[in-house]
Structure formats: C-alpha cells, structure tokens
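Student: Hi! Could you walk me through this one?
Tutor: Happy to. Here it is.

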Amino acid sequence: MSDRQNPPISPRKQPRQARSAELVAVILQAATQVLASEGARRFTTARVAERAGVSVGSLYQYFPNKAAILFRLQTEEWRQTSELLGSILEDPRQPPLARLRTLVHVFIQSECDEAAMRVALDDAAPLYRDAPEAHQARAAGQARFDTFLMAVLPQASPSTRALACDLLVSTLSAVGKRFSASPRTTAEVHDYAEAMADMFCAYLNTFDPSQGPVHEPR
C-alpha cells in the first residue's frame, strides 16, 4: 500500500498583474488574521475567503488548499527571519562574536513578540514540513550560519563547522520556542538572551580563543 502523500503546497499560479498581486496580498493578510484568531485547527479556506471578502473560487485560483496558504505564511516568516539574521551575521562593522550576541538578542525578542503566530504555524507544520519546498526554505536559512562560521572558524574542519552550525541553529530554535511559550518581561528577555549568547561565545572560543570574550555594552 502506498504512503499517503502530502497535499500540494505550491501556488497554482503567480500573480502577474497589479490587481492579482493585490488580491493575493489581501488573501494572505486575511489568512494571518484567521490563523491568529482561530488557530491552525479551525483554519479553513472558507474562513480565509470570508475574511478577505472574496469568493472561495478566487482564492483557489492561487492556492490549491489551506496547506498551500499556511506554507506561504510560513515561508514568509522564514524569509523575514533569515533576512534579519543574515543582515546581523554579515555586518562587517562588528566583530564576529559581537554579531552573534546581537543575533541572539534579536532572535529571542522576535520569538517572544510573535509567539502566538508561530505556535499556530507550528501546529500547522505537519501539513507541509516534509515537502521539498520546506526543506529548501530551511536550508537557505542555515546557509547563512554556514557562511558566518566559515569566517569565525576558518581553521576548523568542515565537519566541525557543520557540528557548530547544527548546535547553534537547533539550540536557538528549540530554546526560543520554549522560552517564548510564556509571557516575558523586557528584563527577562534581555537576561536570558545574554546568558545564551555567553554560552555560544564560550563554545566558539574553545575552537579559537583569539576571538576573545565579547560582552554587550552595559
């Protein structure tokens, strides 16, 4: 018996005119609102269409099912996070470990600010997490860390950098998700991020002590 296949998550077509692009933008805005208010389990194309003020048929011109809409929201979140973190990791004005410290603070704050939406997207993840598009999106974000670690640990072997990359990305993701599950004060976010940054910097210093400790200005 063949395995059950995931629903298609690629858009049916891309908007080519300004009016079509505006329609897709309205649908995605409505989808964000429905997901935030109803959660992943009550998220349906009918509710999205109703909130957007369009027919379900108009929605289906671009998105074949709810999984495709949710994946589009998820990829937008991944893209925004990747671009934000990439701009920090690639900032030549700061030494590498200072960039990492800034990144940790920004990431943890972002996780707390957008906790409700990310919880809903996590609930929807089984619809698309094994799709090739999902793997490609995650790989693009990890590539930024790979490039950063090549600059931080130029003498390390590829396997060592791969291990360091996996530890940084996995820990940020898992800890950020757990920490943001409860409301946090500004002071709690700062202290937690600072401690995590200390841990990451200490770990990378074991490979290259010349990097030296980097602390956030007080």
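Tutor: One term before we start: a contact means heavy atoms within 4.5 Å. Also, keep in mind that this is a predicted model.

Student: Got it. Among contacts between residues at least 6 apart in sequence, what share join residues at least 24 apart?
Tutor: In this chain, 70% of them do.

Student: And how many helices and strands are there?
Tutor: The chain has nine helices and zero strands. Along the sequence, the pattern reads α-α-α-α-α-α-α-α-α.

Student: What percentage of the residues count as buried?
Tutor: That is 40% of the chain's 218 residues.

Student: Let's switch to packing. At what angle do α1 and α4 cross?
Tutor: Roughly 90°, with the axes of α1 (residues 18-38) and α4 (residues 66-89) coming within 10 Å. So α1 is roughly perpendicular to α4.

Student: Which residues make that contact?
Tutor: From α1, Val-24, Leu-28, Ala-31, Thr-32 and Leu-35; from α4, Ile-69, Leu-70, Arg-72 and Leu-73.

Student: New topic: Arg-99. Where does Arg-99 lie, and is Arg-99 buried or exposed?
Tutor: Arg-99 lies in helix α5, which covers residues 96-113. Arg-99 is buried, yet has no salt bridge. Asp-91, the nearest side chain of opposite charge, is 6.2 Å away.

Student: Which backbone oxygens lie by polar atoms of the Arg-99 side chain, then?
Tutor: The backbone oxygen of Leu-89 lies 2.9 Å from one such polar atom, and for the backbone oxygen of Asp-91 the distance to a polar atom of that side chain is 2.8 Å.

Student: What else does Arg-99 touch?
Tutor: Leaving out residues up to four places away in sequence, the residues touched by Arg-99 include Ile-88, Glu-90, Pro-92 and Phe-148.

Note on methods:
Residues are numbered from 1 along each chain as its sequence is written. This is a predicted model: local features need pLDDT of at least 70, side-chain atom pairs count only at pLDDT 80 or more; totals for chains, interfaces and linings use all residues. Side-chain values use heavy atoms; hydrogens and water are left out. Helices (H or I, at least four residues) and strands (E, at least two) are DSSP runs, numbered from the N terminus. Buried means under 20% relative accessible area, exposed over 50%, partly exposed in between (1.4 Å probe, protein chains only). Lys and Arg count as positive and Asp and Glu as negative; His and the chain ends are not counted. A salt bridge is a side-chain nitrogen of Lys or Arg within 4 Å of a carboxyl oxygen of Asp or Glu. A polar contact is a pair of N or O atoms within 3.5 Å; within protein, one must be able to donate a hydrogen and the other to accept it, and residues adjacent in sequence count only if both atoms are side-chain atoms. Axes are lines fitted to C-alpha atoms, for helices over the stretch in contact, and angles run from 0 to 180 degrees between N-to-C directions. Angles under 35 degrees count as roughly parallel, over 145 as roughly antiparallel, 65 to 115 as roughly perpendicular and the rest as oblique.
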